[in-house]
Amino acid sequence: MVILSILILNKAGGLIYQRDFNEGLNKLSSNDYLVLAGTFHGVHAITSRISPVPGSGGLEVLESDQFRVQCFQTLTGTKFLIFAEPHQPNIDVICRRVYELYADYVMKNPFYQIEMPIRCEQFDRQLVAYIKPKQ
């Protein structure tokens with residue numbers, strides 16, 4: 001499994017977590033990541049409204065020759081974006097596992113304030129332990 005990066009967006013489209021897992025990636029500034037999160041949130045909202053399928057959740061997969069972005073949106077509106085290699089199998093399973101880690105280590109943390117940036121070392125450790133051995 002080659003996961004390039006993970007972003008978590010709150011329901012307003014704000015970037016609350018970002019982690020790169022591949023040292024070969026071009027480094028973006030923190031402002032670039034904020035712009036990326038806001039842009040994806042806007043495109044996701046637009047695609048959910050213009051979809052011909054009633055009740056569509058919006059943009060779920062974006063593929064190119066260089067990468068694939070998989071979006072998993074929770075019932076509360078939090079979005080998990082997984083950037084991976086183009087032909088990475090089972091991205092949806094990875095998204096759900098990242099969501100489980102988020103629920104276990106972030107949402108159950110009594111010091112975490114909802115919709116605020118995630119600063120939880122246990123979540124970081126568990127996420128790295130899940131992603132890195134598979135790369």
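Helices (H or I, at least four residues) and strands (E, at least two) are DSSP runs, numbered from the N terminus. This is a predicted model, in which local features need pLDDT of at least 70, side-chain atom pairs count only at pLDDT 80 or more, and totals for chains, interfaces and linings use all residues. Residues are numbered from 1 along each chain as its sequence is written, and side-chain values use heavy atoms, with hydrogens and water left out.

Five strands form an open sheet in the order S2-S1-S5-S4-S3, with antiparallel pairing; two strands pair if DSSP finds at least two bridges between them. S2 and S3 are the edge strands, each pairing on one side only. From one strand to the next the twist averages 10 degrees. S1 (residues 3-9) pairs with S2 over five bridges, and Leu7 has Gln18 in S2 as its bridge partner.

Axes are lines fitted to C-alpha atoms, for helices over the stretch in contact, and angles run from 0 to 180 degrees between N-to-C directions.

| Helix | Strands contacted | Angle |
|---|---|---|
| H3 (residues 121-131) | S1, S2 | about 40 degrees with S2 |

A nonpolar core is a set of buried Ala, Val, Leu, Ile, Met, Phe, Trp, Tyr and Cys residues joined through side-chain atoms within 4.5 Å; buried means under 20% relative accessible area (1.4 Å probe, protein chains only). The largest core has 24 residues, of which Ile3, Ile6, Ile8, Ile118, Phe123 and Leu127 touch the most other members. H2 gives the most to this core, with seven residues. Another core, of twelve residues, lies apart from it and includes Leu7, Leu15, Tyr33 and Val69.

Note on methods. Contact means heavy atoms within 4.5 Å. Buried means under 20% relative accessible area, exposed over 50%, partly exposed in between (1.4 Å probe, protein chains only).
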